[in-house]
Amino acid sequence: MAYQPPKQGLAGQVFDVITLLVLTVGALYLPLYLGFAGAAKTPNPIANPTWEALGQNATEAKQWAAIGIADPAAANDIITARFDYSFNWLPLIVMAVLVVGYFVLVVRLSDREYREVIEERFDPKRR
Amino acid sequence: MANVTATAPATERLQLLRVLGPAHIWALGVGIVLVGEYMGWNFSVGKGGMIAGLAACWVAGLLYTCVAMIDSEVTSTIAAAGGQYAQAKHIVGPLMAFNVGLFLVMAYTMLEAANAITVGYLLDTVAGMMGHTGLNQKPFIILSIMFLAWLNFRGVLATLTFNLVITAIAFLAIIALFVSVQLGASAVAMDFSAITTAPLPYGWIGIVAALHFGLWYYLGIEGTCQAAEEVRSPARSLPYGTMAGIMTLLIAATMTWYVCSGLLPWEYLGQAGTPLFDAARVTGNTGLMVLLFVGTMFSTLASANGCINDASRAWFSMGRDRYLPSWFGAVHPVYRTPYRSIVFLVPIALIFALGAPLDQVVTFSILSGLLGYTFMTFNMVMFRRKWPLETIKRGYVHPLHPLPTIVLLTLCAAAYFAVFLGYGTQLSAMMCFYIVASLWFHFRRYRFVRRGDQFTMPWPKPQGY
């Protein structure tokens, strides 16, 4: 006998959608609101900036002017900003465990469900 | 493949229309992705420098070539709405399918939000150039998303024909800029001296870090298979449209890097909102500026348009299978579109378009895409093991298996590390979200799912079961 799922009422459907919405928005917005997200570049502005001091040649200086930044001081932060790629191994290992663990969990639970699907689909007694 | 839905329960229900050809598939794939040339890719230059940006462009191109090869084989065999979602359902299992459905919805909805943000930013920039500073971007963001959702609501043929036209114009705009600059149309000379003066400002780790945003050049090409149930000849159209799309994008990406790196200082390029438009501004040529403004607008609209199409198909498919409330599985009685899914996803796109920074939204989209590419690797291996080549008829068989799978998995691992360099918190938060959602599905939602209905292909029993 094939598995007969229960009929879900309207309230249950609404509840399920709200659960997913809260999970989605929560997971993606929380890091933003808590200030954990993003790799902000840190500017290291130099004193009395000139195009030469900022490492820009004459052609590059013309390019800056063409996009509306004619004053080297206005480009100081953009040119001197750098990412910081130093990292600890522990967060990297945690991330790797999370990614690998997630896929292992999903594949194993999926396989359990998949066996039910195949059994019902291909076993004539259960159709 | 036409009997995919015919083997489902014998209920009277409306079907999606089979009206699309290879050109529409090309337009859907390239249309979603071409915006990656107009914005976002350049953050890879910011993360690693000019050389790292080019390396990321080509390495990501290799990754997506593997994606296109693998996807073409599986999709041309499992031609059902939802694309990779339907693949996961038939090959790995329901929970994996639920997760893949979420990857697709998240990747495309975030990409749609990023497109809308870019429309607002571009209009603000142009208004500033015209002397009207401080333009309120929000009405344009809302208008873009609402208009495209309406277009999708009205019908898939009109939607993708619209995409075909504006994608072609946006692609031609890149070529026109490239050719014009080569013919001396720029008032300012191209300059690649940074390649020698600052070849790798972050060292070799910068090349790996740049791969993060290098994915943006091509992200979404796998969306071609979302329309599998609406294609007249899936076995021919899907591989042809997808592979033509990836070739188009490889050419466009390389030209884009060349023109932008030559016309813009790499420090500016690495954080620019609309790099191709900025490159046109540097030329001082009004015609090119107008053309690249139009190209940027068209590419963002085409991308958002395709994203709405794809995200709604994935959401619709999950609703139809009761992975989500079945209310979402409805087809419009007149327009034959998944209208409830289209409407439902509009406010989600708006929440992120109006409330999150562009690089964060782009990262969310990239992460969901990356999880989907990782799934493709073991999905391909399981597909060949459960149904070896001689057991079922495939529309297309990709060569050199398992080499593309191994290359894809290796590049995915590198891309996770690239995202970790600076955006590890988002990655961890997203993994926690998917783990909790998976447990929710397995222990609560799955009881509403009809087991046997999850396998609709007319195939023999998989080996090993």
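Visitor: How many helices and strands does the secondary structure of chain B come to?
Guide: In this predicted model, chain B has 17 helices and zero strands.

Visitor: What radius of gyration does chain B have, and how is that figure read?
Guide: The figure is set against the value for a compact globule with 465 residues, which would be near 23 Å. Chain B has 21 Å, which agrees with that expectation. Along the principal axes, the C-alpha atoms of chain B fill a box of roughly 65 × 45 × 40 Å.

Visitor: What share of the residues of chain B count as buried?
Guide: Of its 465 residues, 63% do.

Visitor: How do I read the crossing of α6(B) and α17(B)?
Guide: Take the distance between the axes, then the angle. Helix α6 of chain B spans residues 94–129 and helix α17 of chain B spans residues 403–443; their axes come within 10 Å and cross at roughly 135 degrees. The pair is therefore oblique. The crossing of α6(B) past α17(B) is right-handed.

Visitor: Which residues make that contact?
Guide: From α6(B) come B:L95, B:F98, B:N99 and B:L102, and from α17(B) come B:Y434, B:A437, B:S438, B:F441 and B:H442. By class, the contact of α6(B) with α17(B) has six nonpolar residues, three polar and no charged.

Visitor: At what angle do α8(B) and α13(B) cross?
Guide: Helix α8 (residues 156–182) and helix α13 (residues 275–283) of chain B cross at roughly 30 degrees, and their axes come within 11 Å. Angles under 35 degrees count as roughly parallel, so α8(B) and α13(B) are roughly parallel to each other. The crossing here is left-handed.

Visitor: Which residues of α8(B) and α13(B) meet?
Guide: On α8(B) they are B:I174, B:L177 and B:V181; on α13(B) they are B:L276, B:A279, B:A280 and B:T283. The contact of α8(B) with α13(B) divides into six nonpolar residues, one polar and no charged.

Visitor: How many residues of chain A are in contact with chain B?
Guide: An interface is counted from both sides. Here 59 residues of chain A are in contact with 68 residues of chain B. On the chain A side, α1 (10–33), α2 (58–66), α3 (72–80) and α4 (89–122) each supply at least two residues. The most comes from α4(A), with 22 residues. By class, the side of chain A that touches chain B has 38 nonpolar, eleven polar and ten charged residues.

Key:
Residues are numbered from 1 along each chain as its sequence is written. Chains are lettered from A and ligands numbered from 1 in the order in which they are written. This is a predicted model: local features need pLDDT of at least 70, side-chain atom pairs count only at pLDDT 80 or more; totals for chains, interfaces and linings use all residues. Helices (H or I, at least four residues) and strands (E, at least two) are DSSP runs, numbered from the N terminus. The radius of gyration is taken over C-alpha atoms; the globule rule is 2.2 Å times the number of residues to the power 0.38. A residue is buried if 20 or more other C-beta atoms lie within 10 Å of its own, exposed if 12 or fewer, and partly exposed in between; C-beta atoms are placed from the backbone. Two residues are in contact if their C-beta atoms, placed from the backbone, lie within 7 Å. Ala, Val, Leu, Ile, Met, Phe, Trp, Tyr, Cys and Pro count as nonpolar, Asp, Glu, Lys and Arg as charged, and the others, Gly among them, as polar. Axes are lines fitted to C-alpha atoms, for helices over the stretch in contact, and angles run from 0 to 180 degrees between N-to-C directions. Angles under 35 degrees count as roughly parallel, over 145 as roughly antiparallel, 65 to 115 as roughly perpendicular and the rest as oblique. A crossing is left-handed if the near helix is turned anticlockwise from the far one by less than a right angle, and right-handed if clockwise.
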